[in-house]
Structures are given as structure tokens and as C-alpha cells.
Amino acid sequence: MNMKTFTRVAMIAAVYTVVSLLLAPFSYGNVQVRIAEALTLLPLIYKPSIWGVTLGCFLTNLIGAMMGVNPTGFIDAIVGTIATFGAAYCTWLLKDKKIFGIPVLAALMPVVFNFFIVGLELAYLFMPNDIIMGTLINGAWVAIGEVISVIFGYFLVQALQKTKLFEE
């Protein structure tokens, strides 16, 4: 990884973390709209951003747990980060599969990964007596927030694609 790529990855991680922490009341918990998750669509135009959003998610969840604003605690630093990494990687894998010119399958990856992985995490923590129903309920709430973030992310990526910020 060259210095230019390293700097971009660090910048993405920093933006993800700062936005999430500034909007902390909305970024954590059962009902969340983590606007920084819009960045999980950056792999549509820049593959190394997978590492930036993954690091940003890890830092966000870790710092949130240390500050006491993340009700899921330190487990979210691992589980939430796995969900974000999987979503970003699969977004990159599916970037060329388009429906009417829109990478719908790629854009759905953050929604799907967070529905199942974060939904299961929340069910385990807050509804341990009914993991399946807890996953469905919590996953649905998280997925709604992800849809909002992904819509924002799609327009963000469209705008960033017109700049030279991520050109090699």
C-alpha cells in the first residue's frame, strides 16, 4: 500500500468515526441510523475503502464503548466490524452487477449484512430468550437505518465519482 492509498484509507476511517461519534445518539443501539455507513458504498469506486470503513467502524464501536454511548459494549467492536467488512467487501465484489444502470445488489450488501449480523448481536444481548424473533425484530430496525444510509451513500458516491479524489 503506497502512502497516497494509506492516507485515503485513514481519511475514510477518520470521517466514518467522527460522523458516527458526532451523531452518537443515532449511531448505536436497537434503532440506529448510522449515517457513516453511507461510506460502505465507497468500494463501488475505490477498493481500498473497504479497509477505511472497516477501521472506521472498529474505532467507532470501540470508542463508543469506552465513552459509554454504545449500549452493546465492546462486543460491537468485533461483531459490528465484521458486518461492515463483509458488507464493504461484497459491495466491491458486486459493483459491476447493475439493474437499469444502478448497482442494486451491491448497495443492498450493507442492509443484508447488518440485518443478520448486527440483528443477531442485538438479539443475543437484549432478547436472549428468543434469538430468532430478536434477530428478526432488531435486524429489521437496523436494516431500516441502513437503507437510509445506503440511499445517502449512493448519492455521495455519485458525487465523489465526479471528483478526482479516488483516482490512482
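**Close-up views of a predicted model**

**View 1. Helices α5 and α6 make a right-handed crossing.** Right-handed here means that the near helix is turned clockwise from the far one by less than a right angle, with anticlockwise giving left-handed. This is a predicted model, in which local features need pLDDT of at least 70, side-chain atom pairs count only at pLDDT 80 or more, and totals for chains, interfaces and linings use all residues. Residues are numbered from 1 along each chain as its sequence is written, and side-chain values use heavy atoms, leaving out hydrogens and water. The axes of α5 (residues 104-126) and α6 (residues 131-161) come within 7 Å and cross at roughly 145°. Axes are lines fitted to C-alpha atoms over the stretch in contact, with angles from 0 to 180 degrees between N-to-C directions; helices are DSSP runs (H or I, at least four residues) numbered from the N terminus.

**View 2. Y46 and F166 form a tilted ring pair.** Rings of Phe, Tyr and Trp (its six-membered ring) pair if their centres lie within 6.5 Å; planes under 30 degrees apart are stacked, over 60 edge-to-face, and the rest tilted. Here the centres are 4.8 Å apart and the planes meet at 35°. The partners come from distant parts of the chain, 120 residues apart: Y46 is in the loop between α2 (24-27) and α3 (49-67), and F166 is in the segment after α6. Y46 is buried at 3% relative accessibility, and F166 is buried at 10%. Buried means under 20% relative accessible area, exposed over 50%, and partly exposed in between (1.4 Å probe, protein chains only).

**View 3. F115 and F116 pair edge-to-face.** Their ring centres lie 4.8 Å apart, with the planes at 75°. F115 counts as buried, at 18% relative accessibility.

**View 4. An aromatic cluster brings together W51, F85, Y89 and W92.** Look for K47 too: its charged end sits over the ring of W92, 4.0 Å from the ring centre. For this label, NZ of Lys or CZ of Arg must be within 6 Å of the ring centre and within 35 degrees of the ring normal.

**View 5. T91 is a buried residue of helix α4 (residues 75-93).** Its relative accessibility is 0%. Leaving aside neighbours within four places in sequence, T91 is in contact with T40, L41, P43, L44, A106, M109 and P110.

Technical notes: Helix = DSSP H or I, 4+ residues; strand = E, 2+ residues; numbered from the N terminus. Contact = heavy atoms within 4.5 Å.
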